[in-house]
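Thanks for coming. I will go through one structure and a few of its residues, and please keep the picture in view while I talk.

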Amino acid sequence: MTPSSDPSPARYTLIPRVLVIATHADELLLIRRAAHKKLWPGIVNAPGGHVEAGEDPLQAAQRELWEETGVDAATLVLRGLLTTDSPQAGTGVLVFVYRATVQDTQLRASDEGTPLWLPRAQLHTVPTLPDFPALLSLTLDQHAFFYALKTRTPDGEEHLRLRLSAENGEMGHREESQGGDGL
């Protein structure tokens, strides 16, 4: 078989992004997306964004956290990877999910939205993306590194396939269909 320069229709290009789930005591650092944002205006999510040319995902996580909230992370630990389709044909998104602990709780708003500290027990009181509670639980409550693939069924229901790594490096497998309840 001769290699071809044409990509297979089953392959796509991944856009690297980061998501930073930051905590201080029992509170979550979240951002309410600005009303003028094209995607998810008014939705509450963790800080994050694109990995820019010339930076690695860790640098992107540090930069996005600072740009969107004015907070520096005391620690940032890569907890998992999420792959999902993008609205653009032939592309997907690879999200590097980090856990951060912060000491400084002073927040600064940005063009992205308004940052806020929210007790974790009150997460259900704010509008979030359907997969956010599951990602939060995977990041904060599981010790295993996770790999997640998010797809949509034809009727729009999200489907999350998970692989959790064990301490010995073996991978487990779990599939979940989710609405807004998470895992």
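Ile21 is buried, with a relative accessible area of 2%. Buried means under 20% relative accessible area, exposed means over 50%, and partly exposed is in between, using a 1.4 Å probe and protein chains only. This is a predicted model, where local features need pLDDT of at least 70 and side-chain atom pairs count only at pLDDT 80 or more, while totals for chains, interfaces and linings use all residues. Residues are numbered from 1 along each chain as its sequence is written, and side-chain values use heavy atoms, with hydrogens and water left out.

Where does Ile21 lie? Ile21 is in strand 1, residues 13-24. Strands (E, at least two residues) and helices (H or I, at least four) are DSSP runs, numbered from the N terminus. What is Ile21 in contact with, leaving aside neighbours within four places in sequence? The list includes Ala46, Val97, Tyr98, Arg99, Phe132 and Leu136; contact means heavy atoms within 4.5 Å. Arg99 is 78 residues from Ile21 along the chain, yet their C-alpha atoms are separated by 4.9 Å.

Next, strand 6. Strand 6 covers residues 91-101, and nine of its 11 residues are buried. Strand 1 and strand 6 run parallel and are joined by 11 bridges; two strands pair if DSSP finds at least two bridges between them. Ala22 stands opposite Ala100 in strand 6. Strand 5, residues 75-85, pairs with strand 6 in the antiparallel sense over 10 bridges. Here Thr83 stands opposite Leu94. Strands 5 and 6 form a hairpin with five residues between them, and Gly90 in the turn has a positive phi of about 80°.

Now a helix. Arg63 is found in helix 1, residues 57-69. Arg63 counts as buried because its relative accessibility is 15%. Not counting residues up to four places away in sequence, Arg63 touches His50, Glu52 and Glu55.

Last, the rings. How many aromatic pairs does a search of the whole structure find? It finds one. Phe145 and Tyr147 form that pair, edge-to-face, at 5.1 Å centre to centre and 65° between the planes. Rings of Phe, Tyr and Trp (its six-membered ring) pair if their centres lie within 6.5 Å; planes under 30 degrees apart are stacked, over 60 edge-to-face, and the rest tilted. Phe145 is buried at 19% relative accessibility, whereas Tyr147 is partly exposed at 35%.
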